[in-house]
Amino acid sequence: MAVTDVQNPLLGVTTCGSLLQQLQPEKTMGTIKEQLAAIAPVLEQLWKQKEERIKEFSNVLSQIQKICSEIAGNLRLSEQGENSAVDEADLSLKKFDEFHTQLQELQKEKSDRLHKVLDFVSTVHDLCAVLGMDFFSTITEVHPSLNDSVGVQSKSISNDTLSRLAKTVLALKEDKKQRLLKLQELAAQLIDLWNLMDTPAEERSLFDHVTCNISASVDEVTVPGALALDLIEQAEVEVERLDQLKASRMKEIALKKQAELEEIYARAHIEIDSETAREKIMAMIDSGNIEPSELLADMDNQIVKAKEEALSRKDILDKVEKWMSACEEESWLEDYNRDENRYNSSRGAHLNLKRAEKARILVNKIPALVDTLVAKIRAWEEERDIPFTYDGVPLLAMLDEYAILRQDREEEKRRMRDQKKFHEQLGTEQEAVFGSKPSPSPSRQSLGSSTKKVVGPRANGGANGTPTTSRRLSLNAHQNGVKSTTKDGKRETHRPVAPVNYVVISKEDAASHVSGTDPIPASP
């Protein structure tokens, strides 16, 4: 047998060459037996290396086969761990390196898949916690190996498992979204019912875990059990209970809204038939022909329209308020001018003097204020084609009457001045004839003293003499103090219209004060 016959191509040329170098040159000569005896140790070493190489190939091929089985979803085959058949025809290092490279690629793919599986499992765990679902049963439905009791390396990483995990996550997210929408809808209903029935804060706090997510997004809800089915059912039961309670308290709620509506109209000085409206509401509720929600919605619409109408009247009502204040100051100024003791040094006289100066300025602005008010009212009425009323009375008619009465008052003042001038002229002539000025008759002195009014810092009810703010206009002649009818049927004209006479007479002078129906003396 030649020496070159011991070279084994399965193990590679390098290995065989190194073994041949171990042979002594003298041992390669001689008989066949001597040559076999010299080669036997080398052959034995080569067989050992071959067995080791086969084991290495088998180990690599087994790992490759196991990972491939795991990816394919055949865990049983991968768990058996049987040695893979090794092709002994090629045990070279080049072939081994090819298998080893393939094994590294499969190991990387397995790691990536395992990370995906663990991420999906973590997401499923969080979603189940928020939804109040059993995580164990949910995850084991996807694959039994995904349970926490199973080691990480033993979890299924197959394409089927990844696909089912992805579908489970999507289904749970959709379920979470739908439950959140349902819970937010119930929370909105609860808040509306609470506000409608003035539910106390203590009772509302029992459902804080429901209302706290009313404006939250899906990703913001992470509290365990926040979207559990029993919590949603609890909210549904409460909404149903409040609905039944609302039906039983419908009359109270409807009357509450009616009172709100009446208050809006009252502030806007719009006159309505409140009694008839309340009777109609009660009849509708008793008949049962209308749903409570429809009735309340209709009343809410009425309230919205009433607020819009009140807003459209605000500018005019503000000017009416100024006009009324000016009229009150005008009335006070007339009373002040009649007081013969207004310039004395009595207590508070300086305050009344300052107020009189301001009142004269304000009274001089009344004509311009009335003109502006009339123009605004006419524009408002033309736009809406309805008359502008103030507590049921057409405001233009009030202003027209006020203008007429103001004109009558000016004429009365001129007549009084002419009459006073005539008396002064007559007195002068009598003094020239008789040599002395006749003194006023006792009856006139008594009348003059009886018409004096006490004017002080509290004449109009305020601490500084300012008029109070609660006022109402009316065309009632008796209220305005413009005209009064005597027992014989004759109508007498007093001062111009003023909404309220705020001059207060002290108790000491009440006995001597002239009643509201006595005429004003023609001359001082």
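1. A definition to start with: the angle between two helices runs from 0 to 180 degrees between their N-to-C directions, and each axis is a line fitted to C-alpha atoms over the stretch in contact. Please keep in mind as you read that this is a predicted model.

2. With that in hand, look at α12 and helix α15 (residues 395-434): their axes come within 13 Å and cross at roughly 25 degrees. Angles under 35 degrees count as roughly parallel, so α12 and α15 are roughly parallel to each other. The crossing of the two is left-handed.

3. Which residues bring α12 and α15 together? From α12 come Ile316, Val320, Trp323, Cys327, Glu330 and Glu334, and they meet Leu395, Leu399, Tyr402, Arg406 and Arg409 of α15. This contact holds 7 nonpolar and 4 charged residues, with no polar ones.

4. Now follow helix α12 (residues 292-338) to helix α13 (residues 349-364), where the axes come within 9 Å and cross at roughly 130 degrees. These two helices are therefore oblique to each other, and their crossing is left-handed.

5. On the α12 side of this second contact you will find Ser325, Ala326, Glu329, Glu330, Trp332, Leu333, Tyr336 and Asn337. Their partners in α13 are Asn352, Leu353, Arg355, Ala356, Ala359, Arg360, Leu362 and Val363. By type, the contact divides into 9 nonpolar, 3 polar and 4 charged residues.

6. Finally, the chain as a whole: it has 17 helices and 4 strands, and 35% of its 524 residues are buried. Of the contacts between residues at least 6 apart in sequence, 73% join residues at least 24 apart. The accessible surface comes to about 31900 Å², with 53% belonging to carbon and sulfur atoms.

Terms used. Residues are numbered from 1 along each chain as its sequence is written. This is a predicted model: local features need pLDDT of at least 70, side-chain atom pairs count only at pLDDT 80 or more; totals for chains, interfaces and linings use all residues. Side-chain values use heavy atoms; hydrogens and water are left out. Angles under 35 degrees count as roughly parallel, over 145 as roughly antiparallel, 65 to 115 as roughly perpendicular and the rest as oblique. A crossing is left-handed if the near helix is turned anticlockwise from the far one by less than a right angle, and right-handed if clockwise. Contact means heavy atoms within 4.5 Å. Ala, Val, Leu, Ile, Met, Phe, Trp, Tyr, Cys and Pro count as nonpolar, Asp, Glu, Lys and Arg as charged, and the others, Gly among them, as polar. Buried means under 20% relative accessible area, exposed over 50%, partly exposed in between (1.4 Å probe, protein chains only). Accessible areas come from the Shrake-Rupley method with a 1.4 Å probe; for residues, only the protein chains shown count as cover.
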